[in-house]
Amino acid sequence: MSIESDCYSFLSGTTAITDLVGTRIYPEFLPQNPVYPALTYRLISAPHDHTLTAAAGVVRVRFQFDAFSERLSETSEIIEAIRLSLQRATGDFGDSEIMASRQDNEQFFGMEPMDASQQYLYRKTADYIIRLRATIPV
């Protein structure tokens, strides 16, 4: 297991999120010809805490979550579900344990149609810093 697979376990095990995106939760990038709404996640950084003699077993991970939809309201609902799931969260994060988490940033992007469909694609992004007591190597 890895921190990335722990993140997938957390997202796919959170009903408020899967009610919106189903199983369309992907690491890094959307697949080719995706079905919307969909969610991607990406590990941005993972610095470890240390004591003078050894690693402390705590890691401060930064994840970026991107919600994609053809409806602006759906991207907001997905990001809000993530926020409510991580805000003041403690406990299981896959094989690791959440000690604390906070949202660090949120942005919105509208993407013009790339074909003749005239269908806009909306993307909302949120970054979270999550302190984990890691039971697995990162």
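The entries below go pair by pair.

I am working with a predicted model, in which local features need pLDDT of at least 70, side-chain atom pairs count only at pLDDT 80 or more, and totals for chains, interfaces and linings use all residues. Residues are numbered from 1 along each chain as its sequence is written, and side-chain values use heavy atoms, with hydrogens and water left out.

Entry 1. I looked up the salt bridges (a side-chain nitrogen of Lys or Arg within 4 Å of a carboxyl oxygen of Asp or Glu) and found nine in the structure.

Entry 2. I took aspartate 127 and arginine 62, whose side chains form a salt bridge at 3.1 Å, N to O. Because aspartate 127 is in strand β7 (residues 121–133) and arginine 62 in strand β4 (residues 55–69), this pair ties together parts 65 residues apart in sequence. Strands here are DSSP runs of E, at least two residues, numbered from the N terminus. For accessibility I used buried for under 20% relative accessible area, exposed for over 50% and partly exposed in between (1.4 Å probe, protein chains only). Aspartate 127 is buried at 9%, while arginine 62 is partly exposed at 22%.

Entry 3. I checked lysine 124 and glutamate 106, a salt bridge with its closest N and O atoms 3.3 Å apart. Lysine 124 lies in strand β7 and glutamate 106 in strand β6 (residues 96–111), so parts 18 residues apart in sequence are tied together. Lysine 124 is buried at 15%; glutamate 106 is partly exposed at 35%.

Entry 4. I noted that salt bridges with shared partners join Arg62, Arg102, Asp104 and Asp127 into one network. Within it, aspartate 104 and arginine 102 meet at 2.9 Å, N to O. Both are partly exposed, aspartate 104 at 33% and arginine 102 at 45%.

Methods
Helix = DSSP H or I, 4+ residues; strand = E, 2+ residues; numbered from the N terminus.
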